[in-house]
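Reader: I would like to learn how to read the sheet, the helices and the chain copies of a model. Could you take me through them in turn?

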Amino acid sequence: MAGVITLLTDFGLKDVYVGVVKGTIATVNPSLVVIDLTHQIPPQNILAGRFALINAYPYFPQGTVHLAVVDPGVGSQRQGIAIQLQNGYLVGPDNGLFSGILDQYTACAAVRLSHSQYWRTATPSSTFHGRDIFASVAAHLACGARLQDLGEAIDPKHLVRLSPPNYEKTSTIIKGSIQYIDIFGNLITNIPSTAITSSHWTVMIKERVIPQGTTYSDVPVGETVAFMGSHGWLEIAVMSGNAQTQLQVSWGELVQLIY
Amino acid sequence: MAGVITLLTDFGLKDVYVGVVKGTIATVNPSLVVIDLTHQIPPQNILAGRFALINAYPYFPQGTVHLAVVDPGVGSQRQGIAIQLQNGYLVGPDNGLFSGILDQYTACAAVRLSHSQYWRTATPSSTFHGRDIFASVAAHLACGARLQDLGEAIDPKHLVRLSPPNYEKTSTIIKGSIQYIDIFGNLITNIPSTAITSSHWTVMIKERVIPQGTTYSDVPVGETVAFMGSHGWLEIAVMSGNAQTQLQVSWGELVQLIY
Amino acid sequence: MAGVITLLTDFGLKDVYVGVVKGTIATVNPSLVVIDLTHQIPPQNILAGRFALINAYPYFPQGTVHLAVVDPGVGSQRQGIAIQLQNGYLVGPDNGLFSGILDQYTACAAVRLSHSQYWRTATPSSTFHGRDIFASVAAHLACGARLQDLGEAIDPKHLVRLSPPNYEKTSTIIKGSIQYIDIFGNLITNIPSTAITSSHWTVMIKERVIPQGTTYSDVPVGETVAFMGSHGWLEIAVMSGNAQTQLQVSWGELVQLIY
């Protein structure tokens, strides 16, 4: 069975950076299956990378290695890490990028990437650990290397955490915010389906009431609808349209769900 | 021999949607070969997706599964379908996206995707059938599942058709229009090479006469030229330049070929 | 061991051109591993493609076939070529695109692609040699075809060369220029690390002095720093920022390194 590696970076697709990471993986073993999650995380935006990883993680085979590089601290004292979970591995910088996944899944073990025999070179560039350390380590993991061989063990409890945006909940209302806007202009809030305890509700955003639905096509073309999205979060969308443009909202806007 | 799946969507590359579709395929079988056609179909533009599929379809191996998702009606009553042709398979929504291919190739059989044991989950999201139904079905087809196992048979004649743009033809003139503009600014018309019955002609667009050529380099740098493009349609281009910008035209502009 | 092919083009990702090239490769052999370097070389900009190829070439396995298409002269008298180096192969138009690699690595042999049995079709489109000739030839090479079978031998010394931008060097100063700006706004100069003979220096650009560092994080957020980048060239960056925007510079701007 071919090992699977996913890639998530803020490298974009204009330069050859992503290609070079894949070349490094293929140099370890060209039979590894490499799947792009996205390379268009806003530059150095760790929280956006954290959100994207949460949404992608559940959909990959057992044992997949998730290599993620949004790394403003490259070359500083921040550590490179690999983490083992029950159903997969995480490789990248210890800066909170993985903390969304770690909020939902238990880390079995973690190591600091200090054993340079698993790197592309023992003298890595100070600016491109994605190529010189992480890609090579991820490839070796996907080929069957053991986590403990990659460096000294560290306590997963000491991994860097970044706080997700919070929502507030009372018996009649949940106050949240927009945490992500996708390319369709759909507004993804930080209110998870598990927080909603009644089956009937409406949503308010910018003094507009949005009706409850179950999908985009519950309303006529051009009308807004609120529903539980495929991510597991409350979403606001416009049938055959763009909710961001139509409601004139942006990241962080207040969203209230009212029973 | 590894099975091949192509992907065409309007998901863009900023979000993890495409990665998650590929994760779902890899969960069925990581050895499947997945090839992106494009993920930048203008959002919900079924006709643009239809055009792109016509142009890509002939260049893939026998048995390739083409998974396409431009799906404004997801979650509504529109059906999910799989179609078997002599040289490949089509999987996606029944909304006309495949009707350009079906105009040129005969469908051997078609099914409505109703057998949930081939889905990622028996309780699919109402907004992301690309992940929960189509990706998994396409992977099973590429691994050798039989079309008839995926759901109940439907008559291919009853599949939704979308009309392509028309051209008009007399003995001295063909009146067509621009149906696609590529990233180089090349203008691709809806006049197929098979419609042209004389070997000498000129083209008129916006009262300008464009000379007949066989390739971009038939004219000096900066000059316009009309020729039969690699798609099989009459194209208008500018040598080392951008015809859209230079001629100030857009999608749908009238193009006349005169013998 | 699966053969590896890299792709570098100016085709962009909006159209299906790249997908069709991959379909042509998969039709020869779907087990070939295809890695995108980039498809966003500025249209017909051979020098930008030449730069990108230099930076990607060292990071791929022995025997990799690098297929590159930035080809304003397609359909003219320019030749299609394949080149064998000690550690890989190059396939594409003979227009200087490969001359940066050829400045650094010795060509063992080269052929003009004249044997149409290795093409997708013996009657190739005059506008899409990437699909009809180069993709198929690259796939056959990656499957083990011998270079000399692809066409008649030509002397590698006669391959088209494009001049790289030059730098000037005295005992106290190196005058170079910005040759590339990446998506982070990092400024990559044409001054290689091998040209710098002292360990202490500063950089001047637009009358601003940029301090020497070894990485992005050597300076506070928002400050500029100059260092040897992961490409092997002198780079100028801004910690957690965009040097292009902050310094208001563009491609070709003068950069002086002063001992």
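Author: What follows goes from conventions to the sheet, then to a strand, a helix, a loop residue and the copies.

Author: This is a predicted model, in which local features need pLDDT of at least 70 and side-chain atom pairs count only at pLDDT 80 or more, while totals for chains, interfaces and linings use all residues. Residues are numbered from 1 along each chain as its sequence is written, chains are lettered from A and ligands numbered from 1 in the order in which they are written, and side-chain values use heavy atoms, with hydrogens and water left out.

Reader: In what order do the seven strands of the open sheet in chain A stand?

Author: Strands of a sheet pair through backbone hydrogen bonds, either parallel or antiparallel. Here strands are DSSP runs of E with at least two residues, helices are runs of H or I with at least four, both numbered from the N terminus, and two strands pair if DSSP finds at least two bridges between them. In chain A the order is β2-β1-β3-β5-β4-β6-β7, with mixed pairing. The edges are held by β2 (33–38) and β7 (153–154) of chain A, each with a single partner strand, so one side of each has no neighbour in the sheet. Strand β6 (residues 107–112) of chain A pairs with β7(A) in the antiparallel sense over two bridges, and A:I154 in β7(A) is the bridge partner of A:A110.

Reader: Which strands pair with β3(A) in the parallel sense, and is β3(A) buried or exposed?

Author: β3(A) pairs in the parallel sense with β1(A) over five bridges and with β5(A) over four bridges. A:V69 in β3(A) stands opposite A:T9, while A:L67 has A:V91 in β5(A) as its bridge partner. As for burial (buried means under 20% relative accessible area, exposed over 50%, partly exposed in between, with a 1.4 Å probe and protein chains only), six of the six residues of β3(A) are buried, so the strand is largely enclosed by the rest of the structure. Both faces are covered, with A:T64, A:H66 and A:A68 buried on one side and A:V65, A:L67 and A:V69 buried on the other.

Reader: How should I read the span of helix α4 in chain C, and where is its kink centred?

Author: The expected span of a helix is 1.5 Å times one less than its number of residues. Helix α4 (residues 129–142) of chain C has 14 residues and should span 20 Å, and its end C-alpha atoms are 18 Å apart, which agrees. The kink in α4(C), of about 30 degrees, is centred on C:A135, where the bend is the angle between axes fitted to the seven residues ending at a residue and the seven starting there. In α4(C), 13 of its 14 residues are buried, and the helix is followed by C:G144, whose phi is positive, near 115 degrees.

Reader: What does A:P42 contact beyond its neighbours within four places in sequence?

Author: Contact means heavy atoms within 4.5 Å, and with those neighbours left aside A:P42 is in contact with A:D10 and A:A48. A:P42 lies in the loop between β2 and α2 (46–56) of chain A, and is partly exposed, with a relative accessible area of 34%.

Reader: What rotation superposes chain C on chain A?

Author: Two copies of a chain are related by a rotation about an axis and a shift along it. Here the rotation is 120 degrees with 0.0 Å of shift along its axis, at RMSD 0.0 Å, the copies being superposed by least squares on the C-alpha atoms of residues with pLDDT of at least 70 in both. That is the relation of a three-fold axis. The copies use different surfaces, as 3% of the contact residues of chain C recur in chain A.
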